[in-house]
Amino acid sequence: RDFAMVAYGGAGGQHAYGVAEIVGCSEVLFPRLSSTFSALGLVRADVQTSEAKSYLRPFADVAASELDAEFADLERTARSALFIAETERTRSARGIAMRYAGQSHDVLVEVAVGDDKDQLYARFEGQHEQLYGTKLGDAAEVVSISVTVAKVREFSAPGRTASEPLAPKTPTSAHAIAPAEYRRVELFNQSVPVYDADLIEPGFVLTGPALLEETDTTIVVPKDAELSVDRDSTFRLRLTPRYADA
């Protein structure tokens with residue numbers, strides 16, 4: 001009841017208000033292109049690969065310089081698997097799996113370039129305590145080491161730079177934009193206006209029942225609910241108390 005719900009997926013716009021009614025949310029947000037979140041995430045995600053190596057030995061016998069050399073070797077192997085040029089920007093994450101001597105489970109500890117062994121052991125004990133509630137101070141051993149190398153992708157929002165301010169918009173009534181058509185909706189047992197989302201700009205406000213059609217989804221606006229468009233083009237559905245308090 002204290003939170004707004006974010007709808008996504010191709011059918012999210014059709015069912016969001018009903019889900020909000022069940023859980024008691026009074027506000028639902030529909031970001032632009034929310035029906036393609038999974039596909040956009042895949043396209044924008046950094047391409048990455050991981051390499052790991054078994055490295056079972058007492059932690060006391062491992063030299064920090066030896067670890068650095070092993071990590072560098074794994075990073076070269078991982079980078080070559082990405083088939084990228086030397087000039088392309090990448091980011092790397094190093095990890096070392098450690099456990100107290102005699103344990104059968106290990107803890108993955110993040111490793112930063114330049115970490116000494118005291119820092120690694122302290123980080124291991126801190127994570128062990130966080131996970132299992134104990135910090136023993138006992139001898140530890142290394143189980144394996146790993147690296148993940150990712151190619152960093154650069155993206156910018158089309159049509160507007162990050163530093164460009166969002167200009168305020170004067171609210172636009174639904175009456176100022178003609179519906180594309182009227183369509184009978186059995187859910188409401190009546191004909192309702194259908195608006196083309198591509199024609200709607202920030203500041204637009206309408207009261208349901210209505211349908212808002214995008215290329216990839218349809219947003220259902222129930223009776224007496226208010227739909228508005230934020231400056232960042234997010235659709236914001238505010239439900240009446242009969243929905244919010246259900």
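This is a predicted model: local features need pLDDT of at least 70, side-chain atom pairs count only at pLDDT 80 or more; totals for chains, interfaces and linings use all residues.

Student: Okay, how many salt bridges does a search of the whole structure find?

Tutor: The search turns up 15. The term means a side-chain nitrogen of Lys or Arg within 4 Å of a carboxyl oxygen of Asp or Glu. One of them pairs Glu75 with Arg94, at 2.9 Å from N to O.

Student: Which parts does that pair tie together?

Tutor: Glu75 sits in helix H3 (residues 64-81) and Arg94 in strand S4 (residues 90-100), so the bridge links parts 19 residues apart in sequence. Helices (H or I, at least four residues) and strands (E, at least two) are DSSP runs, numbered from the N terminus.

Student: Is Arg94 buried or exposed?

Tutor: Arg94 is buried, at 12% relative accessible area, and Glu75 counts as buried too, at 19%. Buried is under 20%, exposed is over 50%, and partly exposed is in between, with a 1.4 Å probe and protein chains only.

Student: And what does Glu226 pair with?

Tutor: Glu226 forms a salt bridge with Arg238, where the closest N and O atoms are 3.7 Å apart. Glu226 is in strand S13 (residues 226-229) and Arg238 in strand S14 (residues 235-238), so this pair ties together parts twelve residues apart in sequence. Shared partners join Glu27, Glu226, Asp230, Arg236 and Arg238 into one salt-bridge network.

Student: Tell me about Arg236, then. Where is it found?

Tutor: Arg236 is in strand S14 and is buried, at 18% relative accessible area. Its side chain makes a polar contact of 2.6 Å with that of Asp230. A polar contact is a pair of N or O atoms within 3.5 Å; within protein, one must be able to donate a hydrogen and the other to accept it, and residues adjacent in sequence count only if both atoms are side-chain atoms.

Student: Switching topic: which residues touch the most other members of the largest nonpolar core?

Tutor: That core has 30 residues, and those touching the most other members are Val28, Phe30, Ile200, Leu212, Val221, Phe235 and Leu237. A nonpolar core is a set of buried Ala, Val, Leu, Ile, Met, Phe, Trp, Tyr and Cys residues joined through side-chain atoms within 4.5 Å. Elements supplying at least two residues each include helix H1 (12-23), strand S2 (27-30) and strand S9 (190-196). There's also a second, separate core of 23 residues, with Leu82, Val111, Val142 and Val149 among them.

Student: What about cavities? How many of 30 Å³ or more are there?

Tutor: The search finds one, and about 60 Å³ of space lies in the largest cavity. On a 1 Å grid over the protein atoms alone, a cavity is a set of points where a 1.4 Å probe fits but cannot get out, and lining residues have an atom within 4 Å of a point. Points are joined across faces, edges and corners, and the volume is the space filled by probe spheres set on them.

Student: What lines the largest cavity?

Tutor: The lining is Ala64, Leu67, Asp68, Phe71, Val111, Ala112, Asp115, Lys117 and Leu120. H3 and helix H4 (117-132) are the elements that give two or more residues, and H3 has the largest share, with four.

How values were computed:
Residues are numbered from 1 along each chain as its sequence is written. Side-chain values use heavy atoms; hydrogens and water are left out. On a 1 Å grid over the protein atoms alone, a cavity is a set of points where a 1.4 Å probe fits but cannot get out, and a pocket is an open set with protein on both sides within 12 Å along at least five of seven lines; lining residues have an atom within 4 Å of a point.
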